[in-house]
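This briefing looks at a pair of strands and at how the chains divide into domains. Please have the sequence and the structure to hand while reading.

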Amino acid sequence: MQNQSEKALLNFRSLLIKRPTLTTFTTLLTFTLILFIALPISAFSQKKYSISGYVREKESRELLPGVNIYLPNLKVGTITNNYGFYSIVLPEGVYEVVYSFVGYDHVVQSIELKANKLVDVELTGITLQEVVISGEKGQRISESTDMSMISLPVQQIKQLPSLLGEKDVFKALQLLPGVQKGSEGNSGIYVRGGGPDQNLIILDDAPVYNASHLFGFFSIFNGDALKSVELIKGGFPARYGGRLSSVIEMTMKDGNKQKFSGEAGIGLISSRLVLEGPIKKNVSSFIVSGRRTYIDALIRPFMTREERAGYYFYDLNAKVNYDIGPKDRVYLSGYFGRDKFNVVTKYGDNEREEGGLYWQNATATARWNHLFGSRVFSNTSLIYSQYTLSIYNYTKENQNAYTLKYSSGIRDLSAKYDLEYNASPFYHLKTGFSLTNHMFAPRAIVERDDANQVYKNDKTNYESLEGGVYLENNLTFSENLKANAGVRLSTFVADNKNYMALEPRFVMNLRLMNNLSVKAGYAEMNQYIHLLSNTGIGLPTDLWVPSTTRVEPQHSKQISAGIAKDFTDSDVTVTVEGYYKLSDKILGYKPGASFLALDDPTEAEAFTWEDNVTAGSGTSYGAEFLIHKKTGKLNGWVGYTLSWTKLKFDELNFGKEFWARYDRRHDISVVAIYNIKPSINFSATWVYGTGNAITLPLGDYPAITHNPLEGSGIPTGSSPWNPYFNYVTDYGEMNSSRMKPYHRLDFAFQFIKIRERYQRTWEVGFYNAYNRKNPFFYFIDEEYDNNTVTTKLKQVSIFPVIPSVTYSIKF
Amino acid sequence: MLKIINTSLFFLALLVFTSCENMVTDVEAPPSDPKIVVTGFISPDNEFNRIRVYMSRPLYSTYSTSAGYPGESSTEYKDATVVLSDGINTVTIDYSGDLNGYSVDQADFPIVKGTTYYLKVTAPGGFLAESSCTVPVDSPPDIEVTSIDSTNDFGNKTIQITGRYKDIEGTGHNYSVSVGTMSTWNWNGNDDAYFEKIGFQNGEYYITDEFNDNQFFAFKTYEHYLQTVNSNKIYLFLALTDIDFYNYHKGMDNYEGDNPFSEPTPIYSNITGGVGIFAAYNQKIIEIEL
């Protein structure tokens with residue numbers, strides 16, 4: 001059996017140096033299967049035992065994902081999974097094991113291994129007074145097989161300056177290399193040339209479909225209830241699938257298992273509250289976090305009784321967990337958030353009109369962690385996710401009422417099973433499957449008209465099934481060579497059409513010298529659901545639709561390569577990565593396409609979005625540079641991206657290639673957090689980005705449509721009126737102009753005071769500190785001067801320098 | 001419904017402009033020169049075929065208000081050289097003031113089914129525009145008028161027409177359907193006839209069989225008031241067109257003008273060196289006496 005696994009390793013090495021061919025993938029699969037069978041058996045055939053357990057934060061007993069477990073003598077290690085569990089298999093002996101994590105003191109344990117051993121570890125957080133760097137801080141990036149992956153400490157996100165003091169996870173992610181923001185203030189994320197619809201946004205295993213508040217100015221994630229945030233831009237592990245460009249995985253906190261605690265904050269536009277505590281000490285806990293804006297309440301005194309308008313959003317996160325025993329743990333978590341805008345007009349005593357729109361996200365996840373022995377960890381999840389947009393109009397005149405309500409949305413019901421098996425320090429297997437029932441509701445109309453006795457309730461729903469099975473092999477060939485080789489089989493059934501695809505995934509890490517490694521990765525992705533956007537700026541009216549017989553799934557292939565270097569003395573990591581991504585069957589909109597389906601929502605005509613879309617391809621490539629310091633008195637990062645993104649559609653721009661709107665040649669982010677003293681933090685960010693590519697009007701011209709009578713011989717008289725003659729705008733080539741470059745400086749001070757029973761923080765911040773007029777959109781204006789008119793191009797900016805103050809307490 | 005969306009967009013715009021007017025600034029405009037605009041729809045079923053040549057109006061320029069904004073007539077090229085060819089025969093078409101365009105009679109230069117035609121237009125100022133199109137081989141299918149509902153509403157007569165046609169087998173067929181009546185326009189004291197198109201309540205004006213091969217395409221017009229001076233004739237036109245004709249008209253049909261919140265929608269063009277359309281079709285006309 002030992003020979004078999006050695007043979008497999010040799011096969012694999014020869015595979016690495018061979019040029020990829022069509023048979024490469026088959027070889028990879030065979031290799032994976034041999035490993036799957038051979039390595040575990042060979043592992044069992046020797047006398048080996050496991051050290052396994054959970055790593056928790058000491059104070060709250062919160063489980064910690066991503067903790068580094070390292071054996072310095074053997075130079076091997078592992079990390080805790082998303083549920084804080086680890087397992088490592090070793091021959092009999094005495095070992096020194098180091099547990100370390102960013103922001104926590106490391107723990108060293110001497111373990112004598114004669115049988116499988118359960119070692120639960122508690123790490124103590126470094127307090128503000130102890131921002132000294134000591135020893136290992138987490139998994140060294142140069143040793144990990146993760147690539148194009150960045151995890152942002154939530155604490156770092158909460159220290160960054162922000163617009164109106166609203167801490168926003170997505171805006172923090174926009175500061176990373178390879179990630180572009182959309183327009184000014186927008187929380188949309190464009191990763192390596194992909195659109196915001198190509199990001200898989202996961203909150204506790206549940207996909208989130210519209211992650212924005214206030215028409216995109218804020219994301220729905222404020223960080224209060226989050227434990228970890230991770231972004232993957234390439235080299236995707238096989239456990240993820242369904243989107244082309246990125247995975248943004250967020251895990252909610254479990255809640256303090258030791259004592260009741262909380263946090264509350266008041267800002268300029270919203271207030272927030274977090275409460276957490278044990279339900280049964282050390283066994284079960286809860287966390288509830290909420291936020292609501294009060295713009296509506298603030299502006300109400302300025303409105304008349306006859307006409308009132310208002311807007312608010314709120315969100316609510318909740319989670320409970322329960323340790324059933326040493327081998328079982330269950331979690332229930334959920335998110336609910338809503339934005340609502342409404343207008344009420346009263347005409348006298350008997351007449352009233354009300355209209356508005358609201359959009360809401362709801363997710364719920366039930367999870368069960370189970371340990372089979374000490375090496376096999378499993379998680380079963382049942383997931384619900386729903387996004388709904390509703391627009392309504394209600395009129396009451398005397399006794400007659402008229403109601404019209406339009407809704408659209410998507411609802412997911414999923415089951416997911418993941419299994420991790422630690423066969424040896426050199427082989428770690430992850431496998432699992434997921435099955436999702438999507439229900440798309442592009443259009444639902446409810447109409448009640450008392451006066452005319454019209455009662456209508458029309459719904460158009462489409463159901464589809466999306467499935468995935470994956471196999472991920474984490475392999476350590478030697479001290480210097482590691483790989484994560486995997487494959488995902490994805491399927492989608494809708495519209496009597498069955499799509500199926502094999503998606504190979506591979507990342508290799510070759511260590512060149514101490515703390516310096518070269519990494520390379522390849523990933524294929526398929527996306528079976530598409531977002532139709534009316535505006536391209538991420539409004540809630542955007543609509544999710546499935547792949548159909550006519551509209552095929554989007555597909556991408558990405559290779560990435562780079563170097564990673566850890567400077568352990570200063571806790572700094574440096575990564576330089578290049579990528580090349582080809583996307584196919586991506587959706588574009590035909591000229592004049594409209595997906596609102598609202599011009600006359602009562603119309604019985606079928607919703608024909610398929611006629612308005614066209615498939616094309618995209619090419620993205622670039623280089624990303626990141627220096628990241630996660631801890632210390634001065635921490636933060638510097639990121640630089642040099643990138644190109646081009647699109648090509650047969651039916652757009654006369655078939656010629658054109659720049660994507662968010663193609664950005666240069667993108668720079670400098671993020672610095674400085675602990676001036678234990679009671680004062682200073683943070684600043686500076687960003688620079690090449691202007692967006694835009695299509696500008698160049699002029700107008702008469703576009704004459706066909707007159708069916710022309711030349712037909714039917715006498716039409718000599719009328720000069722011609723219904724077939726219209727002036728239209730001449731735009732020239734698509735996205736051939738550029739907006740002005742974008743740059744901005746934000747900074748904030750946090751003043752912290754620790755009282756006997758609580759800690760309070762005042763934060764004073766400035767967004768766009770040097771008042772740069774950054775472009776939001778361009779428009780054409782006419783200026784009159786005596787007898788002349790001049791047509792000019794004008795730029796609209798939205799945010800001048802904006803100061804903010806927030807107050808928060810933690811108890 | 002749209003009002004609600006617009007109101008909420010207004011709210012967004014309000015947020016945009018709360019920052020005060022000095023957040024609007026001048027920016028450098030891209031170079032914008034006039035372009036040559038060529039339009040021509042040719043068919044073997046026409047008595048004459050006409051090519052029209054115009055000039056686009058560039059933005060980001062200054063003009064005198066006393067002279068008025070450059071109008072339709074001032075942008076027309078009457079001294080261009082328009083050459084039409086089928087690869088063997090070539091004709092240079094003269095400008096016709098009566099027809100507002102470069103017009104050639106079918107008898108002088110026949111347009112033939114299945115033939116490819118090449119158009120070359122040169123105009124003063126160094127403009128050169130070129131294009132080509134191929135006339136569909138097939139004739140359009142027959143239109144079946146399934147019903148004509150007529151009502152009398154206090155002396156005003158309304159009609160509503162439904163009909164259908166069957167796509168020719170095999171893909172690559174594109175159709176244009178128009179239904180209308182002759183109306184009158186009082187021009188210089190005289191009643192003058194013009195064709196008034198009736199909109200569709202259901203069905204498409206322009207359709208392709210790319211995903212609907214060999215299917216029936218049906219349409220239903222809105223109710224249409226017949227004016228007292230109307231003639232009592234309904235006209236139905238069904239054209240079998242090339243794909244450029246379809247793409248151009250579909251784009252024009254969807255054209256909504258500029259909106260800062262939406263992606264710009266350039267109109268389809270197959271004119272190299274300019275903008276516009278040069279396309280071909282075969283047409284069938286049905287005339288129904290009411």
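Predicted model: local features only at pLDDT ≥ 70, side-chain atom pairs only at ≥ 80, totals over all residues.

Ser85(B) stands opposite Thr90(B), a residue of strand 7 of chain B.

**Hairpin in chain B**
- Strand 6 (residues 81-85) and strand 7 (residues 90-93) of chain B run antiparallel and are joined by four bridges.
- Between strand 6 and strand 7 of chain B the hairpin has four residues, and in this hairpin Gly87(B) adopts a positive phi near 100°.

**Domains of chain A**
- Chain A is divided into domain 1, covering 2-143, and domain 2, covering 149-247.
- The contact between these domains of chain A involves five residues of domain 1 and five residues of domain 2.
- On the side of domain 1 of chain A that touches domain 2 of chain A, two residues are nonpolar, two are polar and one is charged.

**Domains of chain B**
- In chain B, the domain assignment gives a domain 1 made up of 34-58, 73-136 and 242-281, together with a domain 2 that spans 138-240.
- Nine residues from domain 1 of chain B and eight residues from domain 2 of chain B take part in the contact.
- Helix 2 (residues 243-254) of chain B supplies six residues, the largest share of the side of domain 1 of chain B that touches domain 2 of chain B.
- By class, that side of domain 1 of chain B has five nonpolar residues, one polar residue and three charged residues.

Methods:
Residues numbered from 1 in each chain as written. Chains lettered and ligands numbered in written order. Pairing = 2+ DSSP bridges. Helix = DSSP H or I, 4+ residues; strand = E, 2+ residues; numbered from the N terminus. Domains from an automatic or database assignment. Contact = placed C-beta atoms within 7 Å. Nonpolar A, V, L, I, M, F, W, Y, C, P; charged D, E, K, R; others polar.
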